[in-house]
Amino acid sequence: MAEETIFSKIIRQEIPTPLLYQDDLVTAFRDIAPQAESHILIVPNKLIPTVNDLEQDDELTMGRMFTVAKQLAKQEGIDENGYRLIMNCNQHGGQEVYHIHMHLVGGQPLGKMLNL
Ligand code: AMP
């Protein structure tokens, strides 16, 4: 059984983080340490630790994450100029919170995709 992270507490609103979106499958809120003008996290309500743990039953949820990202990008006014969607996996991917999440970042030019 995977261990819960702070994201589960935010999803259940046990930590009063303002939510930008929530439905039966996903929740979105602003990143606490934004790395761009606009930096939002879109998180499945179900605890899935990493992309490696995804199952076929999660496909609807993963699709919802994309349509919510699109909706929030429009709401933020960054859809026309563009933005980046990122999911980090495990150590080499730079994952810090082991409850998968999609980063929606934009609001400024984002430069090269990778700085290795
Ligand atoms: P990752 O490195 O892909 O696992 O990203 C984890 C992200 O979660 C980082 O960008 C953190 O700033 C963000 N984060 C950690 N704790 C919180 C929190 N309590 N509220 C919002 N964002 C958080």
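Q: How many salt bridges does a search of the whole structure find?
A: The search finds six salt bridges. Keep in mind that this is a predicted model.

Q: Which residues are linked in a network of salt bridges?
A: Glu4, Arg12 and Glu14 form such a network. One of its pairs is Glu14 with Arg12, whose side chains meet at 2.6 Å, N to O. Glu14 is partly exposed, at 48% relative accessibility. Arg12 is partly exposed too, with a relative accessible area of 41%.

Q: Which salt-bridge pair links Asp23 to a distant part of the chain?
A: The side chains of Asp23 and Arg64 meet in a salt bridge of 2.7 Å, N to O. Asp23 sits in the loop between S1 and S2, Arg64 in helix H2, and 41 residues separate them. Now check the cover on each partner. Asp23 counts as buried, at 17% relative accessibility, because the cut-off for buried is under 20%. Arg64 is partly exposed at 23%.

Q: What does the salt bridge between Arg30 and Glu76 tie together?
A: These two side chains meet at 2.8 Å, N to O. Arg30 belongs to strand S2 and Glu76 to helix H2, so the pair ties together parts that are 46 residues apart in sequence. Arg30 is partly exposed at 41%, and Glu76 is partly exposed at 26%.

Q: Which side chain does Ser38 join in a polar contact?
A: The partner is the side chain of Glu76, at 2.6 Å. Ser38 lies in strand S3. Along the chain, Ser38 and Glu76 are 38 residues apart, yet their C-alpha atoms are separated by 7.6 Å. Is Ser38 buried or exposed? Ser38 is buried, with a relative accessible area of 4%. Beyond its sequence neighbours up to four places away, Ser38 touches Arg30, Glu76, Ile78, Leu104, Val105 and Gly106.

Q: Where do nonpolar side chains tend to be in soluble globular proteins?
A: They tend to be buried together. Here, the largest nonpolar core has 16 residues. Ile40, Ile42, Met65, Leu72 and Leu104 touch the most other members. Strands S2 (26-30), S3 (38-44) and S5 (102-106) and helix H2 (59-76) each supply at least two residues of this core. H2 gives the most, with six residues. Another core, of six residues, lies apart from it, and its members include Phe7, Ile10, Ile11 and Phe29.

Q: What is Ile40 in contact with?
A: Set aside its neighbours within four places in sequence. Among the remaining contacts of Ile40 are Leu20, Ala28, Phe29, Leu72, Met102 and Leu104.

Q: Which residues make a nonpolar surface patch?
A: Val51, Leu54 and Met87 make a patch of about 190 Å². Leu54 lies in the loop between S3 and H2. Leu54 is partly exposed, with a relative accessible area of 32%.

Q: Where does Gln95 lie, and is Gln95 buried or exposed?
A: Judge a loop residue by its own accessible area. Gln95 lies in the loop between helix H3 (90-93) and S5. Gln95 is buried, at 7% relative accessible area. Its side chain reaches the backbone oxygen of Val97 at 3.0 Å. Not counting residues up to four places away in sequence, Gln95 touches Pro49, Thr50, Asn88, Cys89 and Asn90.

Q: What does the side chain of Gln13 reach?
A: It reaches the backbone oxygen of Thr17 at 3.0 Å. Gln13 lies in the loop between helix H1 (6-11) and strand S1 (19-22). Gln13 is partly exposed, with a relative accessible area of 37%.

Notes. Residues are numbered from 1 along each chain as its sequence is written. This is a predicted model: local features need pLDDT of at least 70, side-chain atom pairs count only at pLDDT 80 or more; totals for chains, interfaces and linings use all residues. Side-chain values use heavy atoms; hydrogens and water are left out. A nonpolar core is a set of buried Ala, Val, Leu, Ile, Met, Phe, Trp, Tyr and Cys residues joined through side-chain atoms within 4.5 Å. Buried means under 20% relative accessible area, exposed over 50%, partly exposed in between (1.4 Å probe, protein chains only). Helices (H or I, at least four residues) and strands (E, at least two) are DSSP runs, numbered from the N terminus. Contact means heavy atoms within 4.5 Å. Patches are made of residues with over 30% relative accessible area and no salt bridge: like charges are joined within 9 Å, nonpolar side chains (Val, Leu, Ile, Met, Phe, Trp, Tyr) within 5 Å. Accessible areas come from the Shrake-Rupley method with a 1.4 Å probe; for residues, only the protein chains shown count as cover. A salt bridge is a side-chain nitrogen of Lys or Arg within 4 Å of a carboxyl oxygen of Asp or Glu. A polar contact is a pair of N or O atoms within 3.5 Å; within protein, one must be able to donate a hydrogen and the other to accept it, and residues adjacent in sequence count only if both atoms are side-chain atoms.
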